[in-house]
Amino acid sequence: MQALPPKIPASVSGHGTQSRRHSLDWSHIGLPSRETQLRAGFVPSAAVVIVIFVGLFFGLTQYTELGTNAQEEVDRFYKYLVDVNIMVWIGFGFLMTFMRRYGYGAVALNYFASALMFLEAILMIGATQQVFWNYHRTKIQIDIALLIDCAFCAASGMIAFGAIIGKATPTQLLWLLFWQVPLYALNQQLVIHTFKALDMGGTIVIHLFGAYYGLAASLMISRKQPLHGLDNPKNSGAYLNDIFSMIGTIFLFIYWPSFNGALASVSAGHMEEATDAKKAAQFLSIVNTLLSLLGAGLSVFATSALVGGRFNMVHIQNSTLAGGVAMGAACTLRLTPGGALAVGLGAGAISTLGFQYLMPFLDRTIGLGDTCGVHNLHGIPAIVGTLVAGLAALGQHPDYLEHDTGRQQLGYQVLAGVVTMGIAIAGGLLGGFVVSWFNPRGDDPLTVPELFDDGPWWEHQRVEPMPISTSIHLSNMSAHGKSHHNQSVSVGQLNPIREGREIAVSGVPATGQRSVGEIAVTMQAAPVMASSAPVMGMHAAAATPIDTPLFADGHAMENAARPVQPMVAGAGNV
């Protein structure tokens, strides 16, 4: 009969009142205490932002004077505000739940960050449009059209969030997105009011700006962090996660025509003097966007099967929406139905190829960790859409344009795209550098096991140990003086040492001499069985799926042959 494993002392685990699963789970040993970091970093940051918001809302804002037009304002805009909010809070939130260990962060931090950016945008966009330019008012007047603009700003922030998700702490995320709002407001003013670019659906000001701001911030945040990209085993999906992510995709697909046409209507008071182009703008926005989305859906499935031999869920979740991005700038133009369909077909294929080839290339060569692939869904299709609007303008009646000729419109479309990318990249690099460098409390940066994991931040969650192959991979890079994207890997990144404890990224100790009393975690030899965890990212024919945690719940945990045990050098089992 096999002997029972020795009981782990509560004094060692520090969780004597926890469940048996937690008493056997040593993945948290040696990792920083994030509870302290949240209380001392995130909470004061949020408090400062809240105080600023309350003061400025009381002092600088008021509701607009509508009079008899109040109901018309609601009828004209409120439905579209709801549709855009559904895209921001449900669509983008659930789209990012594909990561098997970051579902809480994807939905809930999206919830928090969208609310943060929405409120700040009321102040920043309101001040930009009404105080500094255009109306020169003394107070910001809040109406539903302004709220839709603010929801667009939040959408741009969630696009940027997709590039840094899982790699930034909540405090870093807060300040990065806080910094994005004034840049967004400034860029929107330049693109729409100064350059007079065609961009009713936000191809330039929302998608292009958000994508390259997030990519630049991601490059700065993760420049010294190994395994921040595609080679991290936690940066991957699982069966149920991918289904939840498809919920976000379908919500985005359904409401994208409303997103592009939300502000394209004409008020009843201006209907008589409005041109036919202005009267048709919302209709054209809806039908052009829908046809483009449908075209992208067809081309993505075909392209995915062509390049991979099978359908790839990442392509389906993301690239099928590229038609909506690419049509945002040209949606108010009088395109032919075939032309709108062709834009979607091309955008879907280009986005799929980006996921298949360009994304791994950039990750491998320059270390551009793009967690959700926003470059392929938003960045590249936005560049395509900017050019589509400019080229389509060449054959349009001047009433459909913002400039006198199609050639002028094309020039300003290109100028708007270049300026947007410049502001976004410069702002993202600066913001990413500041949040990764400015650390007055000396908070620990995210360690390798904490990347793409809800464990550090959420109640009742633990950091999942990495596969053993990760330790071997990083140890080999460290031994040869190499690491991911030519960065040096320090011992602290591989095996964080806190209070005399050490743990390797996989839950097994790194090789080498240890001093007496140094505590490590090791995996005891155990026979391969169906309930055991995968080793080195591989498993036998009867083993559990690849996305099963190293320490499973329930029956598998209770019947594990030899659980993780603490080891003291030279003293055997505790």
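Here are a few notes on the model, with the confidence first and then two local spots.

1. This is a predicted model, with local features needing pLDDT of at least 70, side-chain atom pairs counting only at pLDDT 80 or more, and totals for chains, interfaces and linings using all residues. Residues are numbered from 1 along each chain as its sequence is written, and side-chain values use heavy atoms, with hydrogens and water left out.

2. On confidence: mean pLDDT (the predictor's confidence in each residue, from 0 to 100) is 82 for the protein chain, and 76% of its residues reach 70 or more.

3. Now the helix pair. The axes of α4 (residues 70–95) and α9 (residues 239–261) come within 8 Å and cross at roughly 155 degrees. That makes the two roughly antiparallel (angles over 145 degrees). Residues in the contact include Tyr 80, Met 87 and Phe 94 of α4, and Phe 244, Leu 252 and Trp 256 of α9. By class, the contact has 14 nonpolar, 6 polar and 2 charged residues (Ala, Val, Leu, Ile, Met, Phe, Trp, Tyr, Cys and Pro count as nonpolar, Asp, Glu, Lys and Arg as charged, and the others, Gly among them, as polar).

4. Finally, His 136 sits in the loop between α5 (103–132) and β2 (140–142). His 136 counts as exposed because its relative accessibility is 54% (exposed is over 50%, with a 1.4 Å probe and protein chains only). Leaving out residues up to four places away in sequence, His 136 touches Gln 130 and Val 131.

Definitions and conventions: Axes are lines fitted to C-alpha atoms, for helices over the stretch in contact, and angles run from 0 to 180 degrees between N-to-C directions. Helices (H or I, at least four residues) and strands (E, at least two) are DSSP runs, numbered from the N terminus. Angles under 35 degrees count as roughly parallel, over 145 as roughly antiparallel, 65 to 115 as roughly perpendicular and the rest as oblique. Contact means heavy atoms within 4.5 Å. Buried means under 20% relative accessible area, exposed over 50%, partly exposed in between (1.4 Å probe, protein chains only).
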